[in-house]
Amino acid sequence: MKKILTAYFSHSGENYFSGKIIKIEEGNTAIVAKKIAAMTGCDLFEIKRAEPYPEKYTDCVKESREELKADARPKLSEYKDVSGYDVVILGYPNWCGTMPMPVFAFLESTNFDGKKIFPLCTNEGSGLARSVDDIKKLCPNADVCEGLSVKGSQAKESDDTVREWLKKSALL
Ligand SMILES: Cc1cc2nc3c(=O)[nH]c(=O)nc-3n(C[C@H](O)[C@H](O)[C@H](O)COP(=O)(O)O)c2cc1C
């Protein structure tokens, strides 16, 4: 049996949702990550920046752009050693064409050599964009497998798509 970890970053608070800004209690990526855990029985780890991002959408976008430009590695509230896992499903929202910088910090904080990484990206239309190339650069000795893009506003209805991807990836 493969030992699977789903590690995800997700932002609750205000978000851009099908053309308008609304407040959400649980982030889209968290919703999908929890579905994966329920389907596979895998372990779950939430990647969190030590200092939370602003709730307000426009402030969060501004701060994320600054971090991206600075190629920052923000401090995380908790770190996770992945040595006990064969497979890591890596969940994140598309922020400005790639992963939020705390996900970069997580990927650099532990050793992914020989692990399979399955990217799972929620977004409002840009898909996985540059994120897969960035994961490959950060984890050159990992096997970065075919990822899944889920439209964030359809996260709650994504069961069938997620199950199909897990089956195709031999994770179910
Ligand atoms: C700071 C920020 C930047 C974003 N940039 C993009 C983007 O470049 N392309 C895109 O399709 N969606 C973008 N989005 C939308 C999110 O990717 C989408 O709503 C995602 O499902 C949010 O996941 P979460 O609720 O788990 O954080 C952005 C959202 C935020 C807050």
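Let's start with the largest nonpolar core: it has 41 residues, and those with the most contacts inside it are V32, V88, I89, L90, V103 and I117. By nonpolar core I mean a set of buried Ala, Val, Leu, Ile, Met, Phe, Trp, Tyr and Cys residues joined through C-beta atoms within 7 Å. Buried, in turn, means that 20 or more other C-beta atoms lie within 10 Å of a residue's own, with C-beta atoms placed from the backbone. Several elements give two or more residues to this core, among them β1 (4-8), β5 (87-93), α3 (101-109) and α5 (159-168). The largest share, 6 residues, comes from α3.

A quick word on what we're looking at. This is a predicted model, where local features need pLDDT of at least 70 and side-chain atom pairs count only at pLDDT 80 or more, while totals for chains, interfaces and linings use all residues. Residues are numbered from 1 along each chain as its sequence is written.

Which residues is I117 in contact with, leaving aside its neighbours within four places in sequence? They are V88, L90, F112, I135, C139, A142, V144 and C145, with contact meaning C-beta atoms, placed from the backbone, within 7 Å.

Now zoom out. The chain has 5 helices and 8 strands, and along the sequence the pattern reads β-β-β-α-β-α-β-α-β-α-β-β-α. Helices (H or I, at least four residues) and strands (E, at least two) are DSSP runs, numbered from the N terminus. Buried residues make up 37% of the 172 residues. Of the contacts with a separation of 6 or more, 79% come from residues 24 or more positions apart.

Finally, the ligand. It is surrounded by 22 residues, the closest being S10, G27, T29, P93 and G152; the test is a C-beta atom, placed from the backbone, within 6 Å. The shell divides into 7 nonpolar, 14 polar and 1 charged, counting Ala, Val, Leu, Ile, Met, Phe, Trp, Tyr, Cys and Pro as nonpolar, Asp, Glu, Lys and Arg as charged, and the others, Gly among them, as polar.

Conventions:
Buried ≥ 20, exposed ≤ 12 C-beta atoms within 10 Å, placed from the backbone. Contact = placed C-beta atoms within 7 Å.
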